[in-house]
Structure formats: structure tokens, C-alpha cells
Amino acid sequence: MSEKRSSKGVEIPQMHNLDAIDRKIIAALHQNSRISYTDLGAQIGLSRVAVQARINALSEKGIIERFTVVINPGKVGLQVSAFFNVDVEPLFLDEVAAKLDEEPAVTSLYHMTGPSTLHMHGIFADMEEMEQFLLEKLYKMPGIVKVESQLLLKRYKSRMGMRL
């Protein structure tokens, strides 16, 4: 996949199913998903109607999955951020993943290669809440063989979505 630089120096991957205008729209939305269709159109040289039609098409194709807000966990009382490597017996993988997907503290969950089957991130109010999650939920799930955890000390960078 080759890459181009936008006028702001952001790398924009050359995606086979997106033209240059779609990439400009996605790059602008990645910076500010609350931008109005009118302002976005003025920024990239399209009408409000054309921008809206393109964003709707990108959403319908599943390229844009959703619009969301990023919340600072510490500002809302969630002080403990932890990453977990969870070894799961293959027969129980989907069942464990489905149960973990329902847990409000779990922010991301991935099936990984390597020594761990699932890689998970969770955010908790404090250590007691994390311990309660481990003891009462995670450790009691059938099929879990081993759990390793790492506490986040400092976040230098966190990106939502893909790199543009």
C-alpha cells in the first residue's frame, strides 16, 4: 500500500476502494468528527450535499463504522488502566470473548497470535474494582487457563481508529 501526504502532512494510505476526495473526508473527520458538512465541504472544495452523500456512502459501505467521543478516563474517576493476556482453551474462545465483550470495564478485546489467545484492555475505578473483576468474573469463566496483567503507568499516545 503506497502512501501520500495531505496538505497537513498527515499520511493517507492509498486504499483501493477510496478516491482522493474520500481520503480527504476521512482525514478531516479523523481530526474532528463534529465538523459540519458545510465546513468540511469548504475545506475540501465540495458542496454540503456532496460531502453528506459521500459520508453516507462511506457509512453504508462500512468504511466509517461509527462516530464517537473519546473520554479521558481519569477525569471521570476511572484511575486504573490495565492490559491483560488471557490464555483460553480453543473450545471456549468464542464463549469467553462474548462474555468479556459484555463487560463494561473491557474497552478492547483482540484474538491474537503468540503465547496469549486474547489480549484485552480494561479501565477500572480503582484496584479493588479490578480485583473484583478478576476474582468474580474473569477467573471464574470456563476455559480460561492463564491470565497475565500489566498496569498502565503513563499514556504517551493513544489513537482511536486507524492511522491516516
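These notebook entries record what I looked up in a predicted model.

**Entry 1. Ground rules.** I number residues from 1 along each chain as its sequence is written, and I keep to heavy atoms for side-chain values, leaving out hydrogens and water. Because the model is predicted, local features need pLDDT of at least 70 and side-chain atom pairs count only at pLDDT 80 or more, while totals for chains, interfaces and linings use all residues.

**Entry 2. The largest nonpolar core.** I looked up nonpolar cores, meaning sets of buried Ala, Val, Leu, Ile, Met, Phe, Trp, Tyr and Cys residues joined through side-chain atoms within 4.5 Å. Buried means under 20% relative accessible area, exposed over 50%, and partly exposed in between (1.4 Å probe, protein chains only). The largest core has 19 residues, and Phe 84, Val 86, Leu 100, Met 120, Phe 133 and Leu 138 touch the most other members. At least two residues each come from strand S3 (80–88), helix H4 (93–101), strand S5 (118–124) and helix H5 (127–138). S3 gives the most, with five residues. Helices (H or I, at least four residues) and strands (E, at least two) are DSSP runs, numbered from the N terminus. I also noted a second, separate core of 12 residues, which includes Leu 18, Ile 25, Ala 28 and Ile 55.

**Entry 3. Strand S3.** I found seven of the nine residues of S3 buried, so this strand is largely enclosed by the rest of the structure. I then looked for its partners; two strands pair if DSSP finds at least two bridges between them. S3 pairs with S5 in the antiparallel sense over seven bridges, and Ser 81 stands opposite Ile 123 in S5. S3 also pairs with strand S6 (residues 144–151), antiparallel over seven bridges; here Asp 87 stands opposite Lys 146.

**Entry 4. Salt bridges.** I counted five salt bridges, each a side-chain nitrogen of Lys or Arg within 4 Å of a carboxyl oxygen of Asp or Glu. Which residues are linked in a network of salt bridges? They are Asp 19, Asp 22 and Arg 54. The closest N and O atoms of Asp 19 and Arg 54 are 3.1 Å apart; those of Asp 22 and Arg 54 are 2.8 Å apart. Asp 22 lies in helix H1 and Arg 54 in helix H3, so this pair ties together parts that are 32 residues apart in sequence. Asp 22 is buried at 8% relative accessibility, whereas Arg 54 is partly exposed at 23% and Asp 19 is partly exposed at 33%.
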